[in-house]
Amino acid sequence: MRRVAVVGTGHTPFTFAAEKSSVELFSEAAIDATNEANLKPRDIQALFIGNVLGDFSEGQLMLQSYCADDIGAFYIPSTRFEGGCASSALAVRDAFVWVASGFYDIVLAGGVETAAKMGTPLATRTFAMGHDSHYEYPTGLTFPGLFAMLAHLYSSKYNTPLKRLKEQMALVSVQSHQYGLYNHLAQFHKEITIEDVLHSFMVCSPLQLYDCCPFSDGAAMVVLAAEEKAKELTDKPVYITGVGQSSSGKLSSQKDYLPRIRAREVSVKQAYDMAGIKPEDVDLCELHDCFSIASIIASESLGFAEFGKGGRLWENADAAIGGKIPTNISGGLKSKGHPIGATGAGQVCEIVHQMRGQVEPERQVEGVDIGLTDTLGGDGVVCNLVLQKGW
Amino acid sequence: MSYRLTFKEFNNALKKDKLLGLKCHDCGQFTCPPKMACQECSSTNLDIVELSGTGKIVTFTVSYVASEGRETEVPYTIVMVELDEGPWIMGNLTNIDPNKVTMEIIGKRVKLGPRSKVFPGDAYSIGGKEAETGLARPTFVFA
């Protein structure tokens, strides 16, 4: 397998309801990425694009085909990935494998979503299609509901009093907003306090408004190239050195491990093993904090804290810049935003920008050599990517 | 190979307050809700059985924000129940005011209630004969 690098990135702001279509947002990100890579659209051999709900939000299927055509990458193979919130991570991983295998040299991968356009009731309903429609949705399950149940289970299983857990969760949200404040791409630019979190309205007990990510619109794309090509195109390639992916059944079928998402442990082990690294080697992490409790649960499965102790990473500022494992310094899903089809690729862009020293100085992490991205789609599709600075 | 216990059959039984599951001929464990293969060992050598419908609450949430079209249900309590036979199943808890639900309910014993609530379905949910008269949800009360 050949080495594969990210040679170009494109990332629109993540926003509330956009006034641009999914194809338009994609095109902006895609052309930025190809320009950054000193390429033209006709150099792109294939397109791998994540998009979950284009049919509901815009009445548009076959987004992948229109996207390729729109940027002038005529007739190229173009494939859409649907993996809930992990869609664009799946797209990047798949693209990596095609290039690593030698089938393609230069491809474009990432995703786009216009979820905010749907408005909360329809967005809540369509996101809930990521649950088991026969056996679990009828109970009224929604995504905040799923993570809410994991929060109560976490408190019960690890004997962490709910009050303390909610304070740890609030710290996660507070930190997200602290960094999102400085990210020009972020949906929210306001700091919040623990009190703000604990006094916001209850969505699904025990999750309150600021424990939850917003519905967002936006696109993020990367150009991947085989090593030899990459060195011609940029002097700052970021190599993808490990990939992992796993799937799960409905929530109730995960009974042996909950509140741990076992699929994440399977996926990240693939990624760590492939990259030849351990959790302590990771300098920067972009993990899937769709809800504050999700950060705590993810950090444990990714190996950054013992099970039941993830919240301490935020209590001890270990998840902040200067801490043991800077986490979601982009603002994460809660503050930067979560256009689900684009999120995974957005995480890759953030790590690349941090490695290149291109982010706002207030949130620049020094010395990032190895980064990890983590996305969780639906009840348990997980994808992890290890990125390594290549200069 | 034919699907052993379909949603259609499971759903119809649940509407009559019967909880069906699958017992594995190879490992003896139970799978509920039903699947093609055994939850534990992946065997497809499965027998349909009626489960007790009793168990204990392992976690819950009270939902205040509904999906489009289900606003009148709010607030409601979703529970994850560990059935006595082993499997976990998601359902609703009905004989307590949602606003009074706390962590105290975790560990409490429940049983399938006298009337399974039915989600009638909406524009986006499954159509077809398997869900003609709605999708039942395991509806629990304290035992």
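## A helix across the sheet of chain A

In this predicted model, helix α10 (residues 262–275) of chain A lies across β8 (238–246), β10 (370–377) and β11 (381–389) of chain A. Helix α10(A) runs at about 150 degrees to β8(A). Axes are lines fitted to C-alpha atoms, for helices over the stretch in contact, and angles run from 0 to 180 degrees between N-to-C directions. Two residues are in contact if their C-beta atoms, placed from the backbone, lie within 7 Å. Helices (H or I, at least four residues) and strands (E, at least two) are DSSP runs, numbered from the N terminus.

Residues are numbered from 1 along each chain as its sequence is written, and chains are lettered from A and ligands numbered from 1 in the order in which they are written. Local features need pLDDT of at least 70, side-chain atom pairs count only at pLDDT 80 or more, and totals for chains, interfaces and linings use all residues.

## The nine-strand sheet

Chain A has an open sheet of nine strands with mixed pairing. Its order is β3-β2-β4-β7-β1-β8-β11-β10-β9. β3 (78–81) and β9 (284–286) of chain A stand at the edges, each with a single partner strand, so one side of each lacks a neighbour in the sheet. Two strands pair if DSSP finds at least two bridges between them.

Which way do β1 and β7 of chain A pair, parallel or antiparallel? They pair in the antiparallel sense, over seven bridges. Val4(A) stands opposite Ala226(A) in β7(A).

## Two crossing helices

The axes of helix α4 (residues 87–100) and helix α14 (residues 343–355) of chain A come within 5 Å and cross at roughly 65 degrees. That makes α4(A) roughly perpendicular to α14(A) (65 to 115 degrees; under 35 is roughly parallel, over 145 roughly antiparallel, the rest oblique). Ser87(A), Ser88(A), Ala89(A) and Val92(A) in α4(A) meet Thr343(A), Gly344(A), Ala345(A) and Val348(A) in α14(A).

Chain B has one helix and ten strands. The C-alpha trace of chain B spans about 45 × 35 × 25 Å along its principal axes.

The contact takes 33 residues from chain B and 32 residues from chain A. β4 (54–63), β5 (76–83), β6 (88–93) and β9 (135–137) of chain B each supply at least two residues of the side that touches chain A. β4(B) gives the most, with six residues.
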